[in-house]
Amino acid sequence: MAARHFLTLNDLTINELSDLLDHASFLRREWQAGKVRNSLGNRVLAMIFEKSSTRTRVSFEAGMSQLGGSAMFLSPRDTQLGRGEPIEDSARVISSMVDAVMIRTFAHEKVDRFAQVSRVPVINALTDDFHPCQLLADMQTYREHRGSIAGATVTWVGDGNNMCNSYINAARIFGFHLNVACPEGYAPDNDLLSAHESCVTVFDDPREAARGANLIVTDVWASMGQEQEAEERRKIFAPYQVNPALMDLAAPDALFMHCLPAHRGEEISDDMLDQPGSVVWDEAENRLHAQKALLEFLILGKLEQ
Ligand code: CP
Ligand code: NVA
């Protein structure tokens, strides 16, 4: 049977995602209670990182260990991937030796090409276009704090980047409405927007977009690979800061999320992470639990308590 991959949220059905998020919350409770689990004993995850990471690396590596398996960190600096070995050749070899592969890279096309040849599940751990693992953690966190997100209004403030694109996918799958507030020229991809017309509205003014929202989300103004644009972007994005005044326009019990790392004084005010609606630390911790559920689902082909 061909391996299942997780390259975007669209690779799983809503029922699979829903079961996976329930399982992630179960794993969180089990882990917090100190129970030992060995569901992935002797299994190996290869982790290819072509960009920096704290949360993704720690959560995948710790997650595999906590499930009885292990993870291997591969950087282009010391593998043949960084010396031009074709991605398909690397995929054929690596996937013949491990049980799953996680990739963080630039062009999304690279994870597609790897997955086409891979014998084992491939997980997108962030590309320039999508960051679906973060959405698992965000959706888990919303459910744990507020229940179903179906019918809710979510407001994305800032750059129409990889995180925003994954929120657009999530809006259709999970049945919420997404307001996107971004400066002119920084809106998400047009084709993606046209395909999601019925569940996404684009605004210029973050205050209009935030009105009545149940969840407000933002991210860095300059993503990895855009470091040279950071200064110009700081000026352009200045009116798009999420702060308590913006949160006041949202629903009274609105939540705030940020995938982190955050830049205080830029996309968020200094005090934003400490506001009552901010759930960013749960959101970060849930990367661990959501990905453990994902690893069990992809490697074992089932979710079992
Ligand atoms: N949110 C996230 O993916 O963080 P890292 O870049 O630290 O992995
Ligand atoms: N949009 C950010 C997310 C970091 C987790 C980036 O791609 O750098």
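Two strands count as paired if DSSP finds at least two bridges between them. Helices (H or I, at least four residues) and strands (E, at least two) are themselves DSSP runs, numbered from the N terminus. With that in hand, take β3 (residues 100-104) and β4: they run parallel, and 3 bridges join them. One bridge to look for links Ile 103 to its partner in β4, Asn 124.

Before going on, some ground rules: this is a predicted model, where local features need pLDDT of at least 70 and side-chain atom pairs count only at pLDDT 80 or more, while totals for chains, interfaces and linings use all residues. Residues are numbered from 1 along each chain as its sequence is written, chains are lettered from A and ligands numbered from 1 in the order in which they are written, and side-chain values use heavy atoms, leaving out hydrogens and water.

Over residues 4-144 the chain is 44% helix and 13% strand, with the end C-alpha atoms 27 Å apart. The entry also lists "domain: Aspartate/ornithine carbamoyltransferase Asp/Orn-binding" for residues 151-297. Residues 151-297 come out at 36% helix and 15% strand, with 27 Å between the end C-alpha atoms.

Now back to β3 and β4. They belong to an open sheet of 4 strands with parallel pairing, in the order β2-β1-β3-β4. β2 (70-74) and β4 (122-124) sit at the edges with a single partner strand each, so one side of each has no neighbour in the sheet. From one strand to the next, the twist averages 20°. (For angles, axes are lines fitted to C-alpha atoms, for helices over the stretch in contact, and angles run from 0 to 180 degrees between N-to-C directions.)

There's also an open sheet of 5 strands, again parallel, in the order β7-β6-β5-β8-β9. Here the edges are β7 (200-203) and β9 (255-258), and each has a single partner strand, so one side of each is left without a neighbour in the sheet. The twist averages 20° from one strand to the next. β6 (residues 177-181) pairs with β7 over 4 bridges in the parallel sense, and Leu 178 has Val 200 in β7 as its bridge partner. Helix α5 (residues 132-146) lies across β8 (215-218) and β9, at about 160° to β9; contact means heavy atoms within 4.5 Å.

**Around the ligands**

A residue is near a molecule if one of its heavy atoms lies within 4 Å of it. By that rule, the residues around ligand 1 include Ser 53, Arg 104, His 131, Cys 259 and Leu 260. Around ligand 2 you'll find, among them, Asn 161, Asp 219, Ser 223, Met 224, Cys 259 and Leu 260.

Which N or O atoms come in as polar contacts? The table shows some of them; a polar contact is a pair of N or O atoms within 3.5 Å (within protein, one must be able to donate a hydrogen and the other to accept it, and residues adjacent in sequence count only if both atoms are side-chain atoms).

| Residue, part | Ligand atom | Distance |
|---|---|---|
| Ser 53, side chain | ligand 1, oxygen | 2.7 Å |
| Arg 104, side chain | ligand 1, oxygen | 2.8 Å |
| Leu 260, backbone | ligand 1, nitrogen | 3.0 Å |
| Asp 219, side chain | ligand 2, nitrogen | 2.6 Å |
| Ser 223, side chain | ligand 2, nitrogen | 2.7 Å |
| Met 224, backbone | ligand 2, oxygen | 2.8 Å |

Taken alone, ligand 1 exposes 260 Å², and the protein buries 95% of that. Ligand 2 taken alone exposes 270 Å², of which the protein buries 93%. These accessible areas come from the Shrake-Rupley method with a 1.4 Å probe; for residues, only the protein chains shown count as cover.

**Two backbone details**

The peptide bond from Leu 260 to Pro 261 is cis, with omega near 5°. Pro 261 sits in the loop between β9 and α11 (280-300). Asn 42 isn't a glycine, yet it has a positive phi of about 65°. You'll find Asn 42 in the loop between α1 (14-32) and β1 (44-49).

Key
UniProt positions renumbered as here; feature names shortened; annotations may be inferred.
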